[in-house]
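Visitor: Could we go through this structure together? I would like to begin with the helix and its surroundings.

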Amino acid sequence: IKVVFVVHLSDDVIPSPHIEDENDLQARKEALEKEQHLLYVSITPARDAVYLCWNGQPSRFLKGIKAG
């Protein structure tokens, strides 16, 4: 895969707002880790470019991704 586009990476979308409704802290932590892992898995096949798009506040998961 040469190029990957991931759209709608707004903080009110990813992570899912439903995760915050989880009362079990361990389950919430695991759900957040799973969503973050899925984001990373979605972008790692790109060989040439990755385009990340959002509207409003970007997802907190993007803070761990280096540009360039």
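Guide: This is a predicted model. The cover over the buried residues of α1 includes β1 and β2 (49-52).

Visitor: Which residues of α1 are buried?

Guide: They are Glu-35, Leu-39 and Ile-43. These residues cover an arc of only 75 degrees around the axis, so they lie on the same side of α1.

Visitor: How far apart are the end C-alpha atoms of α1, and what span should its residues give?

Guide: The end C-alpha atoms of α1 are 28 Å apart. With 19 residues at 1.5 Å a residue, the helix should span 27 Å, so the two values agree.

Visitor: Turning to the strands, do β1 and β2 run parallel or antiparallel, and how many bridges join them?

Guide: β1 and β2 run parallel, and 4 bridges join them. Val-6 has Leu-52 as its bridge partner in β2.

Visitor: Which residues of β1 are on the covered face, and which on the uncovered one?

Guide: Val-4 and Val-6 form the covered face of β1, whereas Val-3 and Phe-5 form the uncovered one.

Visitor: What unit do β1, α1 and β2 make?

Guide: Together they make a β-α-β unit, and it is right-handed.

Visitor: A change of topic: where does Ser-10 lie?

Guide: Ser-10 is in the loop that runs between β1 (3-6) and α1 (25-43).

Visitor: Is Ser-10 buried or exposed?

Guide: Ser-10 has a relative accessible area of 1%. The cut-off for buried is under 20%, so Ser-10 counts as buried.

Visitor: What does the side chain of Ser-10 reach?

Guide: The side chain of Ser-10 reaches the backbone oxygen of Asn-55, at 2.7 Å. With neighbours within four places in sequence left aside, Ser-10 is in contact with Trp-54, Asn-55, Gln-57, Pro-58 and Ser-59.

Visitor: And Ser-59, where is its place?

Guide: Ser-59 is found in the segment after β2. Ser-59 is buried as well, because its relative accessible area is 2%.

Visitor: Which residues does Ser-59 touch?

Guide: Not counting residues up to four places away in sequence, Ser-59 touches Leu-9, Ser-10, Asp-11, Ile-14 and Pro-15.

Terms used
Residues are numbered from 1 along each chain as its sequence is written. This is a predicted model: local features need pLDDT of at least 70, side-chain atom pairs count only at pLDDT 80 or more; totals for chains, interfaces and linings use all residues. Side-chain values use heavy atoms; hydrogens and water are left out. Helices (H or I, at least four residues) and strands (E, at least two) are DSSP runs, numbered from the N terminus. Buried means under 20% relative accessible area, exposed over 50%, partly exposed in between (1.4 Å probe, protein chains only). A polar contact is a pair of N or O atoms within 3.5 Å; within protein, one must be able to donate a hydrogen and the other to accept it, and residues adjacent in sequence count only if both atoms are side-chain atoms. Contact means heavy atoms within 4.5 Å. The expected span of a helix is 1.5 Å times one less than its number of residues. The arc is that of the directions from the helix axis to the C-beta atoms. Two strands pair if DSSP finds at least two bridges between them. A crossover is right-handed if, with the strands pointing away from the viewer, the path from the first strand over the helix to the second runs clockwise.
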